[in-house]
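Dear colleague,

Please find below the structure that I am handing over to you, together with its sequence.

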Amino acid sequence: MLVKALEISELKLQEPFPFFIKGKKIFTYYADFTYYDHKLGRRVIEDVKSVITQKDHIYRLKKKIIEAEY
């Protein structure tokens, strides 16, 4: 609905964000949704995770790494 209302554009599902150290791929993080928000004037990356996943130490570490990189 937001795309049709022209509030957002470039909507992508499960967009990959690879993470490399010294040219070696360590892991790929997949964001649930990415899009360009015209009201904010910037790209938005959204992730929807269950409470159980949010508490997972590996998920939390990957999230911090990706936030720092991107």
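Leu11 counts as partly exposed, because its relative accessible area is 45%, and the cut-offs for that class are 20% and 50%. Please note that the model is a predicted one.

Leu11 is located in strand 1. On the surface, Leu11 also belongs to a nonpolar patch, whose other members are Val3, Leu13, Phe33 and Val48. Together these five residues have about 450 Å² of accessible area.

Leu6 and Asp32 are 26 residues apart along the chain, and 20 Å separates their C-alpha atoms.

As to the overall arrangement, three strands make up an open sheet with antiparallel pairing, in the order 1-2-3. Strand 1 (8-21) and strand 3 (42-46) are the edge strands, each of them pairing on one side only. From one strand to the next, the twist averages 40°.

Between strand 2 (residues 24-37) and strand 3, the antiparallel pairing extends over five bridges. Within this part of the sheet, Tyr35 stands opposite Val44 of strand 3. Helix 2 (residues 57-69) packs on the sheet, where it touches strand 1 and strand 2. The direction of helix 2 makes about 70° with that of strand 2.

With kind regards

Key. Residues are numbered from 1 along each chain as its sequence is written. This is a predicted model: local features need pLDDT of at least 70, side-chain atom pairs count only at pLDDT 80 or more; totals for chains, interfaces and linings use all residues. Side-chain values use heavy atoms; hydrogens and water are left out. Two strands pair if DSSP finds at least two bridges between them. Helices (H or I, at least four residues) and strands (E, at least two) are DSSP runs, numbered from the N terminus. Axes are lines fitted to C-alpha atoms, for helices over the stretch in contact, and angles run from 0 to 180 degrees between N-to-C directions. Contact means heavy atoms within 4.5 Å. Patches are made of residues with over 30% relative accessible area and no salt bridge: like charges are joined within 9 Å, nonpolar side chains (Val, Leu, Ile, Met, Phe, Trp, Tyr) within 5 Å. Accessible areas come from the Shrake-Rupley method with a 1.4 Å probe; for residues, only the protein chains shown count as cover. A salt bridge is a side-chain nitrogen of Lys or Arg within 4 Å of a carboxyl oxygen of Asp or Glu. Buried means under 20% relative accessible area, exposed over 50%, partly exposed in between (1.4 Å probe, protein chains only).
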